[in-house]
Amino acid sequence: METLQRTANRGSVPTGFTVDNSLKLERDNSEYLNRSQDSGNRRTWTFSGWWKETAVSVNSFILITYGVNNQATRIFISSDNTGDEHLYIDLCDTGSTLYRSISNAVFRDVGWNHVVVSVDTTQGTAANRMKAYINGVEVTSWESQSLPTQNLDTLANVTGYGDIGIATYPWAGSSYDGCGEGYICEHIHIDGLALTPTSFGEFDDDGVWIPKDPSSLTFGTNGHYLKFDDSSSLGADSSGNSNNFTLNNITSVDQAIDTCTNTYPVIMRDHLFHLTGGDNTTSREGGTLAKHGDQTGWNLAFTTLGARSGKWYAEYEVVDLSSKPNVIVGVMQTRDADGGYVFAQQHNGYLGEKDGTGVGFYFDSADVFVNNGTAITGHTRNNLSSGDIVGVAVDLDNLYAYFSINNQWVSAVGNAFGGDPTSGSSGTGGYALNSGTEHAFAVSLYNPNGTCNCNFGGYTVTSISSAATDVNGFGRFEYAPPTGYLALCTQNLKDNGG
């Protein structure tokens with residue numbers, strides 16, 4: 001499974017069908033969707049959905065639930081007592097019997113994954129009554145498995161016995177709790193048919209599982225197809241059934257362009273390496289808001305996607321300058337010439353502190369840290385205000401990093417401004433990077449007020465007024481990337497660095 005996950009994480013450019021939008025879900029905001037069920041086929045149905053989780057080993061990511069209280073049919077991702085995450089499938093009727101299956105396969109990497117659960121309890125052979133597929137491959141190894149009895153009436157497609165919920169676990173009565181942390185797209189329920197994954201996806205020429213256009217499928221009376229393509233109506237059903245979902249604490253700003261056909265980097269909880277003071281840094285809002293806890297020490301994090309060549313752009317928002325933000329943003333080398341990770345040995349401190357493998361722009365002083373913590377000054381704090389956007393342009397072809405304040409590029413050679421990210425090998429106003437096989441965007445945070453909104457192009461909580469893209473039409477930024485620079489995403493990586 002880990003091999004499949006890493007392949008899926010890298011992404012691939014499909015030759016036909018593309019998915020333009022996803023929905024960002026945040027547990028802390030109790031964001032979820034629900035609707036009343038209609039009567040349909042309780043014995044035969046299919047669920048298909050793509051998800052990208054950004055907080056691995058944190059309770060459950062509920063893909064879909066049918067029912068109420070603990071009497072519910074559920075498909076979800078949850079961790080065991082070792083912290084490894086597995087696929088859970090609960091089939092339940094109106095009684096107290098629960099048929100639970102838990103996959104042996106585990107989910108450890110942050111990337112898009114696809115699950116299909118196909119149910120047909122009319123089958124005489126028990127093994128055919130429930131089948132699950134992850135990224136196009138049938139799950140055949142189970143940590144534990146309890147298959148339903150023949151002709152079991154599940155709690156899917158039944159009126160008067162709970163809602164259909166997404167990213168929520170129905171507790172007592174009508175009380176619900178948000179259980180999503182990440183993104184979902186192509187969310188489908190089929191009423192009356194037990195389908196295989198080839199109805200929803202296919203393997204491309206590189207062996208990567210990618211989606212197919214499902215719009216011609218027969219969805220059945222209680223079926224739905226959520227595309228999340230209309231920001232003003234994110235719960236709208238595109239199946240033709242008008243089985244629209246109610247949004248709970250979800251608004252238009254929760255629409256994202258990070259999807260299963262074009263993956264953008266995020267900072268996830270497991271990439272926030274605590275250096276002192278314990279595990280006290282969190283990643284929220286789809287892996288785009290990094291926040292330090294209340295213990296002392298620098299924490300350093302880097303993104304889930306990096307590159308070996310090419311030119312890349314990202315933005316960071318100054319959240320609250322008045323309270324001494326203790327935030328350093330920039331770029332770091334994540335792999336050495338042999339392909340091994342270098343963060344554990346080289347980055348046991350703040351960004352730019354160790355051995356020249358990172359370069360960081362410090363919000364508090366507007367200095368840039370390079371080469372064993374050397375501070376390059378001249379960009380006074382007076383140039384920064386809360387809400388300002390710090391841009392980072394990374395030229396991996398010439399090994400320079402550049403920083404901007406509200407689209408004015410600072411300089412490494414004595415002037416407050418005057419940097420030129422388009423200067424190529426001359427590196428005008430740039431900060432030298434070490435050669436290495438891979439670099440990634442990064443952020444360092446320090447107690448007590450380290451908070452940073454990150455925008456790598458796929459989603460951000462920062463209010464964007466211009467929605468600028470790169471020359472290929474990818475990303476969504478406040479300022480257009482400099483000429484020659486692109487959003488770091490899998491469609492750009494395929495042709496511009498990888």
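User: What order do the strands of the 8-strand open sheet have?
Analyst: The order is 11-7-6-5-4-12-2-19, with antiparallel pairing. Strands are DSSP runs (E, at least two residues), numbered from the N terminus, and two of them pair if DSSP finds at least two bridges between them. This is a predicted model, where local features need pLDDT of at least 70, side-chain atom pairs count only at pLDDT 80 or more, and totals for chains, interfaces and linings use all residues. Residues are numbered from 1 along each chain as its sequence is written, and side-chain values use heavy atoms, with hydrogens and water left out.

User: Which strands stand at the edges?
Analyst: Strand 11 (142-145) and strand 19 (246-248); each has a single partner strand, so one side of each lacks a neighbour in the sheet.

User: And how do strands 4 and 12 pair?
Analyst: Strand 4 (residues 60-68) and strand 12 (residues 163-166) run antiparallel, over 3 bridges. Gly 67 sits opposite Asp 163 of strand 12.

User: Switching to the largest nonpolar core, which residues touch the most other members?
Analyst: Out of 39 residues, those are Tyr 316, Val 329, Phe 361, Phe 363, Phe 441, Val 443 and Cys 452. A nonpolar core here is a set of buried Ala, Val, Leu, Ile, Met, Phe, Trp, Tyr and Cys residues joined through side-chain atoms within 4.5 Å; buried is under 20% relative accessible area (1.4 Å probe, protein chains only).

User: Which strand gives the largest share of this core?
Analyst: Strand 25, with 4 residues.

User: What is Cys 452 in contact with?
Analyst: Beyond neighbours within four places in sequence, its contacts (heavy atoms within 4.5 Å) include Tyr 316, Val 329, Phe 363 and Val 443.

Terms used
Buried < 20%, exposed > 50% of the residue type's maximum accessible area, 1.4 Å probe, protein only.
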